[in-house]
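Let's take a walk through this model together, starting at the ligand and ending at a single side chain. Keep the viewer open as you read.

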Amino acid sequence: MHRAAGWVLRGVRNPPKTRSRSGTARSPPRGLVYGQHGEPSAVVQLKDLEEAKLGGSDVHVKMLAAPINPADINVIQGTYPILSPLPAVGGNEGVGEVLEVGQHVVALKPGDWVIPASTGLGTWRTRGVFPEEMLLKVPRDIPVLCAATLSVNPCTAFRMLSDFESLAPGDSIIQNAANSGVGQAVIQIAKASGIKTINVVRDRPDLPKLVETLMALGADHVITEEMLRKPEMKDLFKSIPKPRLALNCVGGKSTTEMLRHLQPKGTMVTYGGMAKQPVMVPVSAFIFRDVRLRGFWMTQWRKDHAQDPAALTSMMDSLCQLIRRGQLTAPACTEVPLQDYQAALEAAMKPFISSKQILLL
Ligand SMILES: NC(=O)c1ccc[n+]([C@@H]2O[C@H](COP(=O)([O-])OP(=O)(O)OC[C@H]3O[C@@H](n4cnc5c(N)ncnc54)[C@H](OP(=O)(O)O)[C@@H]3O)[C@@H](O)[C@H]2O)c1
């Protein structure tokens with residue numbers, strides 16, 4: 001069981017400057033804090049945090065960069081299944097550098113890079129003291145933006161491509177919200193394994209630019225949701241097989257249309273609900289094509305594999321190898337200084353942005 005992270009907030013306004021081991025004065029840590037659930041622009045504030053004491057099994061981390069993901073927004077809104085006790089520091093993903101470690105810490109040392117081992121770390125902060133078991137070491141030879149965005153989306157993409165259908169080179173998959181962080185990771189991981197991707201996005205004024213960007217990542221086909229309903233889809237399947245796996249990030253109509261193209265006995269995995277509409281499946285899809293509907297949640301996978309560290313290590317090694325080979329890049333992003341967090345939160349909630357907001361800490 002995880003101990004609570006060392007983010008002490010209550011009653012803190014202007015904590016005194018502390019001294020590092022080298023004796024230099026250190027400003028108090030700051031973080032994006034919310035004291036109640038609600039719209040992020042209304043409830044999130046940049047505040048000084050109390051300097052937490054380093055316990056024997058704790059690690060003092062200087063955060064470097066942390067993305068704003070849809071789940072972070074849902075946590076602040078109070079609509080996510082796992083909520084932190086209030087007041088809380090926002091953010092579930094990011095990368096930091098170890099500054100110092102407690103006397104019982106053996107697996108980490110100053111200078112190491114770490115990412116959260118599970119959700120709820122509160123990564124939108126300049127520094128923090130965390131129990132060792134809440135952190136995972138990552139190699140320092142990968143780009144900082146890749147490390148900052150590694151623990152959620154690429155892992156989700158990797159698992160969904162591995163765990164539901166056994167795909168061989170030449171097989172195809174179809175996914176909606178293909179320009180999302182997960183979608184971009186799916187395109188790249190699939191490409192590296194020789195799997196073809198059919199990528200569905202919403203129509204927009206700058207569609208050709210988005211198509212070009214996704215094709216440059218390795219997408220085989222990029223189509224709009226409207227295209228899914230057109231007879232021209234038959235032409236597409238002259239050059240690649242119908243997909244055995246569909247990845248659903250949206251729900252509603254988009255899902256129903258995508259499902260039409262799934263092979264008989266194929267699997268659709270729902271991992272996001274961006275349209276906030278239920279998954280609608282025609283009865284015929286069950287009776288005449290025996291499609292399988294599954295769900296995936298990375299947080300649950302981590303819990304289920306808590307006693308199997310080799311599974312996590314193997315996935316992380318594979319992803320880091322892809323990053324080193326240039327086959328997996330960080331998602332298209334906008335780097336935002338911490339003090340501009342309001343603009344970043346607003347941008348993260350706008351449609352058609354196609355750019356992950358990453359806070360520089
Ligand atoms: N189950 C899991 O373990 C797991 C893990 C990671 C992520 N997720 C979920 O996956 C989803 C994507 O996460 P991310 O970090 O990849 O997101 P992201 O990079 O912020 O991208 C959001 C995506 O959602 C699309 N979108 C937004 N509103 C939409 C709507 N009303 N209808 C259709 N599409 C819409 C956007 O498309 P436009 O460009 O057209 O706006 C974009 O493709 C989120 O729901 C997240 O919670 C789940």
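What follows goes from the ligand site to the cysteines and then to one threonine.

First, some housekeeping: this is a predicted model, so local features need a pLDDT of at least 70 and side-chain atom pairs count only at pLDDT 80 or more, while totals for chains, interfaces and linings use all residues. Residues are numbered from 1 along each chain as its sequence is written, and side-chain values use heavy atoms, with hydrogens and water left out.

Start with the ligand. It is surrounded by 24 residues, the closest being Asn179, Gly181, Met298, Phe352 and Lys356; a residue counts as near if one of its heavy atoms lies within 4 Å of the molecule. Sorted by class, that shell holds 14 nonpolar, 7 polar and 3 charged residues (Ala, Val, Leu, Ile, Met, Phe, Trp, Tyr, Cys and Pro count as nonpolar, Asp, Glu, Lys and Arg as charged, and the others, Gly among them, as polar).

Where does the shell come from? Domain 1 (18-149 + 331-360) and domain 2 (153-299) both contribute residues, so the ligand lies between them; the domain bounds come from an automatic or database domain assignment. Helix H4 (153-163) and helix H5 (181-192) each bring at least two residues to the shell. Helices here are DSSP runs of H or I with at least four residues, numbered from the N terminus.

Next, the cysteines. How many disulfides are there? With a cut-off of 2.5 Å between cysteine sulfur atoms, the count is 0. The sulfur of cysteine 320 has its closest cysteine sulfur in cysteine 146, 8.9 Å away, which is too far for a bond. Cysteine 146 counts as buried at 7% relative accessibility, and cysteine 320 does at 5%; buried means under 20% relative accessible area (1.4 Å probe, protein chains only).

Last stop: threonine 256, in helix H8 (residues 252-259). With 14% relative accessibility, threonine 256 counts as buried. Its side chain reaches the backbone oxygen of glycine 252 at 3.3 Å and that of methionine 280 at 2.9 Å.

Note on methods
Buried < 20%, exposed > 50% of the residue type's maximum accessible area, 1.4 Å probe, protein only. Polar contact = N/O pair within 3.5 Å; in protein donor to acceptor, adjacent residues only side chain to side chain.
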